[in-house]
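Q: Please walk me through the salt bridges and the domain contact in this model. I want each label set against its cut-off.

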Amino acid sequence: MKLFNRMPAEVRAAVVPPDRVLTYAEGPDGYVIATDRALYLGGARLPWFQVDRGVWDEEGLTVVTTAGQSHRALLPEPGRIPEAVRERVTASIVVSQYAPLDARGGVRLVARKADDDRMIWEFVFDPGMDPADPGLRALAEQALEETRRSFGV
């Protein structure tokens, strides 16, 4: 029986201080590392507040960022990575509030806590709504101000 489970040198070398490793798993393309502040995946460091969601299948993990970028890692034996991703992404969300805008639909207002304790707000418009429409943006900004006042953030 092993008394100590030593972290591989590659994992230690990949993590930028002050990030602290929570768990890791090795795949054919290298390690996927979940830290208290970010997910290290395919050579990229993705802060948790920038991760919109993780999707699992029998081959591995696909992570979609709040900017819409997709990152993929093959993980035949994911270990505790799925639980860590779910927990850390959920923990980064401070507010998630839906606001109807007009007859076409509404917007989900999401506030995430960044590493430096700033609140990062994003608008997630319903399908078919144009986020570049100035009228919709104005309605969304108004809904954001109301939401910020009601939640005190």
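A: A salt bridge is a side-chain nitrogen of Lys or Arg within 4 Å of a carboxyl oxygen of Asp or Glu. This is a predicted model: local features need pLDDT of at least 70, side-chain atom pairs count only at pLDDT 80 or more, and totals for chains, interfaces and linings use all residues. Residues are numbered from 1 along each chain as its sequence is written, and side-chain values use heavy atoms, with hydrogens and water left out.

Q: What makes Asp115 and Arg45 a salt bridge?
A: Their side chains meet at 3.6 Å, N to O. The cut-off is within 4 Å, so the pair qualifies.

Q: How do you know what confidence the protein chain has?
A: From pLDDT, the predictor's confidence in each residue, from 0 to 100. The chain's mean is 93, and 97% of its residues reach 70 or more.

Q: Why is Arg104 called exposed, but Asp133 partly exposed?
A: Buried means under 20% relative accessible area, exposed over 50%, partly exposed in between (1.4 Å probe, protein chains only). Arg104 has 53%, so Arg104 is exposed. Asp133 has 23%, so Asp133 is partly exposed.

Q: What is the distance between the side chains of Asp133 and Arg104?
A: They meet in a salt bridge at 3.7 Å, N to O. Asp133 lies in the loop between strand E10 (119-125) and helix H3 (134-151), and Arg104 in the loop between strand E8 (93-102) and strand E9 (105-113), so the pair ties together parts 29 residues apart in sequence. Helices (H or I, at least four residues) and strands (E, at least two) are DSSP runs, numbered from the N terminus.

Q: Which residues are linked in a network of salt bridges?
A: Asp52, Arg53, Arg112 and Glu122. Within it, the side chains of Asp52 and Arg53 meet at 2.6 Å, N to O. Asp52 is at 26% relative accessibility, so Asp52 counts as partly exposed. Arg53 is at 41%, so Arg53 is partly exposed too.

Q: How are the domains assigned, and what area do they bury?
A: Domain bounds come from an automatic or database domain assignment. That assignment gives domain 1 (9-91) and domain 2 (93-151). Buried area is the accessible area (1.4 Å probe) that two parts lose on being put together, summed over both. Here it is about 710 Å², 43% of it on carbon and sulfur atoms. In domain 1, Arg37, Phe49 and Thr66 lose the most area to domain 2, together 62% of what that side buries.

Q: How many salt bridges are there between domain 1 and domain 2?
A: Two. The whole structure has twelve.
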